[in-house]
Amino acid sequence: MSKWVAGFDLPDEQWMMLRVKNPNEAKAAARAVAERGGEEDEEYARLLLPEFREICEQAVRLGAAPMAVMVPTIPLDRRPLIPVTAYVAPQLPPEAGRTMEALMDVLGVTHPYHSRPPEITEVELPLGPACRLREMVFSGEGPDGRPILREQISWFVFPEQLPDQLLEFTVSWPDLASGPVVEEMAERMAASLGLREVA
């Protein structure tokens, strides 16, 4: 029996895919950074390891695959050292049905983790009709006790190949990052989202 596997294009060489189901993937990803050849890369890889572990664990919880991360060529001087993540995860349709109206009703709700109401629009991707959800969410506290914000844009797509599911594609980054640049990158990645059939 065949199944469908999702994929998307990486914007540049700073991005890498994580095989999150591999229990040693965090170490393998850190090793790949250490071998990039820069003078600071070995130390950078050591500092990245806990973030790789956390991202892999989160991806397994979400059922996300593939999961991609941006590891800047020039190491950042503050955490998160991995500033942007992108992943695909399967989702069940809303209880009200597999329709755009039902999906927008569910996604448009403001939750306590939102720092402001989410923005939701209906869009068309090459893979099919989709809802685009832009959120500003709380993601813990910083060393000074102030809340940490992350911005994320998610596309929820209705692929005809998956009649019983939705596909979520989410790109997430810290609020302090260069939002417009990352948003443009996220749009290109979402436009490349596709499915391939595997045996």
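1. Start with Glu-184. At 42% relative accessibility, Glu-184 counts as partly exposed. The scale runs like this: buried is under 20% relative accessible area, exposed is over 50%, and partly exposed lies in between (1.4 Å probe, protein chains only). Arg-188, at 43% relative accessibility, counts as partly exposed too. The side chains of Glu-184 and Arg-188 meet in a salt bridge (3.0 Å, N to O). A salt bridge here is a side-chain nitrogen of Lys or Arg within 4 Å of a carboxyl oxygen of Asp or Glu. Glu-184 and Arg-188 are separated by about one helical turn because they sit four residues apart in helix α4.

2. A word on the model. It is predicted, with local features needing pLDDT of at least 70 and side-chain atom pairs counting only at pLDDT 80 or more, while totals for chains, interfaces and linings use all residues. Residues are numbered from 1 along each chain as its sequence is written, and side-chain values use heavy atoms, with hydrogens and water left out. Helices (H or I, at least four residues) and strands (E, at least two) are DSSP runs, numbered from the N terminus.

3. Now the other salt bridges. The structure holds 10 salt bridges. In one of them, the side chains of Arg-132 and Glu-183 meet at 2.8 Å, N to O. This pair links distant parts of the chain: Arg-132 is in strand β6 and Glu-183 in helix α4 (residues 179–191), 51 residues apart. Both Arg-132 and Glu-183 are buried.

4. Glu-183 has another partner. The side chains of Arg-134 and Glu-183 form a salt bridge at 2.6 Å, N to O. Arg-134 lies in strand β6 and Glu-183 in helix α4, so this pair ties together parts that are 49 residues apart in sequence. Arg-134 and Glu-183 are both buried.

5. Strands pair if DSSP finds at least two bridges between them. Seven bridges join β5 (residues 119–125) to β6 (residues 128–141), and the two run antiparallel. They form a hairpin with two residues between them. Arg-134 is the bridge partner of Glu-119. β6 is also joined to β7 (residues 147–157), antiparallel, by 10 bridges. There, Arg-134 stands opposite Ile-153.

6. Which residues of helix α1 (residues 25–34) are buried? They are Glu-25, Ala-26, Ala-28, Ala-29, Ala-30 and Val-33. Their cover includes β2 (15–18) and α2.

7. Check two peptide bonds. A cis bond joins Ala-65 and Pro-66, with omega about 0°. Pro-66 is in the loop between α2 and β3 (67–70). Another cis bond joins Arg-79 and Pro-80, with omega about 5°. Pro-80 is in the loop between β3 and β4.

8. Last, the second largest pocket. Its volume is about 500 Å³. A pocket is an open set of points on a 1 Å grid over the protein atoms alone, where a 1.4 Å probe fits, with protein on both sides within 12 Å along at least five of seven lines; lining residues have an atom within 4 Å of a point. Of the 22 lining residues, the closest to the centre are Val-5, Lys-21, Gly-63, Ala-65 and Pro-66. β1 (3–7), α2 (41–62) and β4 (84–91) each supply at least two lining residues. β1 gives the most, with four.

Technical notes
Grid points are joined across faces, edges and corners, and a volume is the space filled by probe spheres set on the points. Contact means heavy atoms within 4.5 Å.
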